Amino acid sequence: MKTHDHKDEVIARAMESSGQRLTRQKMEVFHYMQEHGMRHPTAEDVYFGVKSALPSISLGTVYNCLEALAACKLLNCLTIAGATTHRYEMLSREHHHFRCVACGKILDVQASIPVNKVLPDPHDFEVTEFHLQLSGYCPECKENKGKPSR
């Protein structure tokens with residue numbers, strides 16, 4: 001059985017410092033995200049993932065938990081161009097995203113891009129966030145792109 005002791009302390013401190021109450025629902029959503037956050041789940045994915053542990057949880061409660069965790073800087077809420085709903089991920093090192101236009105898969109892209117390469121004169125701006133999204137075909141969809149469907 002996997003222990004979450006250290007991460008439980010992290011979420012407890014984050015909730016306390018933001019003046020929020022730590023509930024069982026937030027803890028279950030946080031644990032789900034620890035295990036599945038790299039897949040960039042939607043709120044609906046999280047809902048179905050925690051439903052067995054919390055049968056009475058509602059989708060609205062899951063949304064509220066995700067928003068609370070994002071407000072505490074434990075999660076990122078992603079708005080992906082071309083996607084119909086927000087995706088969520090654990091807060092981690094700086095990275096960007098690739099979205100497959102065929103299957104909708106979201107992949108992390110490790111790239112360090114200096115802001116001065118994007119902005120002609122970065123001295124006129126105060127950049128507080130920087131997100132890059134690439135779109136195209138993932139390796140599986142690229143390989144199947146030219147093949148006839150059965």
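This is a predicted model: local features need pLDDT of at least 70, side-chain atom pairs count only at pLDDT 80 or more; totals for chains, interfaces and linings use all residues.
Residues are numbered from 1 along each chain as its sequence is written, and side-chain values use heavy atoms, with hydrogens and water left out. Helices (H or I, at least four residues) and strands (E, at least two) are DSSP runs numbered from the N terminus.

**Packing of helix 2 and helix 3**

- The two helices pack at an angle of about 110 degrees with their axes 10 Å apart, the axes being lines fitted to C-alpha atoms over the stretch in contact and the angles running from 0 to 180 degrees between N-to-C directions.
- On the helix 2 side, Glu28, Val29, Tyr32 and Met33 meet Asp45, Val46, Gly49 and Val50 of helix 3, where contact means heavy atoms within 4.5 Å.
- By class, this contact has five nonpolar, one polar and two charged residues (Ala, Val, Leu, Ile, Met, Phe, Trp, Tyr, Cys and Pro count as nonpolar, Asp, Glu, Lys and Arg as charged, and the others, Gly among them, as polar).

**Salt bridges**

- Two salt bridges are found in a search of the whole structure, each defined as a side-chain nitrogen of Lys or Arg within 4 Å of a carboxyl oxygen of Asp or Glu.
- Glu9 and Arg13 form a salt bridge at 3.9 Å, N to O, and both lie in helix 1 (residues 5-17), four residues apart, about one turn of the helix.
- Lys105 and Glu140 form a salt bridge with their closest N and O atoms 3.2 Å apart; because Lys105 lies in the loop between strand 3 (96-100) and strand 4 (106-109) and Glu140 in helix 6 (residues 139-144), the pair ties together parts that are 35 residues apart in sequence.

**Positive phi angles**

- Most residues other than glycine have a negative phi.
- His40, in the loop between helix 2 (24-36) and helix 3 (43-50), has a positive phi of about 55 degrees although it is not a glycine, and His40 is buried at 0% relative accessible area (buried means under 20%, exposed over 50%, partly exposed in between, with a 1.4 Å probe and protein chains only).
- Lys73, in the loop between helix 4 (59-71) and strand 1 (75-78), has a positive phi of about 65 degrees and is exposed, with a relative accessible area of 60%.
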